[in-house]
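Here is a colleague's note, written as numbered points for a reader who is meeting this structure for the first time. Please keep the view open while reading.

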Amino acid sequence: MSCGNACVSMLLRSPSHVIEVRNLCKVYGSKVVIDVLSFTVEPGVVTGFLGPNGAGKSTTMRLIVGLDRPTSGGATIGGVRYADLPRPLRVVGALLDAGATHKGRSAFDHLLYLAQTQGISRRRVAEVLELVGLSEVAHERAGSFSLGMGQRLGLAAALLGDPQVLILDEPVNGLDPDGIMWIRKLVIELAAEGRTILISSHLMSEMAATATNLVVIGRGRLIAACTTDDFIERSSKRSVLVKSPDSSALSELISAAGGHVDTDTDGALIVHSIDAAHIGALASHAGLELHELTPQLASLEDAFMEQTHASTEFGGHNADGDRDALATTSSGARS
Amino acid sequence: MTVTVDLLTQPDQPTAGARLDIAGLLRSEWTKIRSLRSSVTALVLLVVVTIGFTALFVGLTVGQWDQLDRIQELTYRLDPTRLILGAGFQLSQLAVCVLGVLVIANEYSSGTIRSNLLAVPHRTPMLLAKSAVFAVVVFVVSEVAAFGAFAVGAPILHSKVAVGIGDPGVLGALLGAGLYGAVLGVFSIAIGAIVRHTAGGIAGIIAFVLVLAPLTQLIPGSIGDHVYAYLPTSAGQLMVNARQGPKDLLTPWQGFGVMCLWTVALMLLANALLRRGDA
């Protein structure tokens, strides 16, 4: 996974490992969990998969890799259904629930039996254990592992076949800050090698730091599929930070012009609804001194809260208007 | 350059319909069995306990020989192999049942079934490979136990009834013990795969082996005898007898066939459930 290798594998690998989800539906009993969901995950970048609890993220991931059977619709990876991949672990690595190891089996044996189904060598098993930092405990029972070590073992299993596609459900769960940094670096590196990476997390700051693209779902429906920057840009929570020795006078001017002014703890003004140029012009006309005039982006968290909430209430940015008109008005959370 | 790259990428392309690595699957299932201390311990115990109980039971029978009633004594004289293998065998078959259920139900309780199905998304090959490997393991272990039991039991019984491995039917019965164990193991895997729950699966198989058979014998008349004869374990156990007893409705091989049919039927059900459902 050194830089040299990365460049070579980028040349050797096909760029076509796109995850394509088309009209995916999953109904449990009378409960519609995934509701005509379509999106594409492109190679070469990290794609974050976001949604409130119960939005259907894990279910979608399980449907992509065929652990659950879709009610209708489906997903392909590089144009092929997961079930039709002859040696799937060599194409797709998935971390779906890290606890999926027998407590009595060693980490090495757990990976070995997976490797044997795919014609992967013992050497590669040792290699991924080294990569995730479990070499020293490779022959200890997995039952003695901490949550973080279990997560690392799950990640080792996902990386076993050196796959072009990684599907990781909450990979940083249970990891310490070091571990979180390490995963962040790893997935960005793997994406830079041209791999396709879909990664879900409830840690917004983590996603903001890692994901170039986002797929956001709520109640099993698509809310947004765009770049992280676009998603944040879309938020109405954008504001302008203004610092001025004449802040009270300026604040009155801005309010008169239709801006909405808050004062933060330092006495700086946080202005919504009108942009930085407009504020600058107001100050200049009135001859007021400005020390700072900075457009502020909403945080991913703000944008997420706003847009997932909007989606469940008004149907959001989904083109599918008729369906959304029927959407109920309660919050998006499902237990 | 593009052409070269295209050629090089070919083996990496996800191609549909390529052949499954059956040898790899079998190796993988073997790794799973041997890497769990509990299953290895259980298999070793199976051999030790079978031989131990054979010695104990045959020894006790020889000690109490004068108190046997005529019919019992005659049965033993007619088929001493049944006496020798019978004792430890009842215990070892329980061990096989429990292990068989565990082999698959453990995967559900620990969640490893999901790792597995990610590796073998077609599912059926996994179930078949697991059954095949477990059947072979149980066959070998059961043979070791059966030959060991015979080697220990025959000399103890020698003072009352002389029996040698070359006597008619004896070798067949010894081999039958392994075959019976192997099929019983697969039968248990099928139950475990259907129930998907360790305790529930074990309860189910015990009900089949220990409860159902004696229960059917309470049914009066020949109906009870027939139902009993066609139960999987009572039919299969005929394989372990050196000769067909006067009360047996089926020959050993017929009995074995009946047990295999039960196993196939349950396996088909297990496979249908495995393929249809969410894991």
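This is a predicted model: local features need pLDDT of at least 70, side-chain atom pairs count only at pLDDT 80 or more; totals for chains, interfaces and linings use all residues.

1. The strands concerned belong to an open sheet of 3 strands in chain A, ordered β2-β1-β4, in which the pairing is antiparallel. Because β2 (31-41) and β4 (72-77) of chain A stand at the edges with a single partner strand each, one side of each is left without a neighbour in the sheet. From one strand to the next, the twist averages 20 degrees.

2. Within this sheet, strand β1 of chain A (residues 19-28) is joined to β4(A) by 5 bridges, and the two run antiparallel. A:Ile19 stands opposite A:Ile77, which is in β4(A).

3. Turning to chain B, what kinds of element are found there, helices or strands? Chain B has 12 helices and 0 strands, and its C-alpha trace spans about 90 × 40 × 30 Å along the principal axes.

4. Chain B has 279 residues, of which 44% count as buried. Among the contacts in chain B with a separation of 6 or more, 80% are accounted for by residues 24 or more positions apart.

Key
Residues are numbered from 1 along each chain as its sequence is written. Chains are lettered from A and ligands numbered from 1 in the order in which they are written. Helices (H or I, at least four residues) and strands (E, at least two) are DSSP runs, numbered from the N terminus. A residue is buried if 20 or more other C-beta atoms lie within 10 Å of its own, exposed if 12 or fewer, and partly exposed in between; C-beta atoms are placed from the backbone. Two residues are in contact if their C-beta atoms, placed from the backbone, lie within 7 Å. Two strands pair if DSSP finds at least two bridges between them. Axes are lines fitted to C-alpha atoms, for helices over the stretch in contact, and angles run from 0 to 180 degrees between N-to-C directions.
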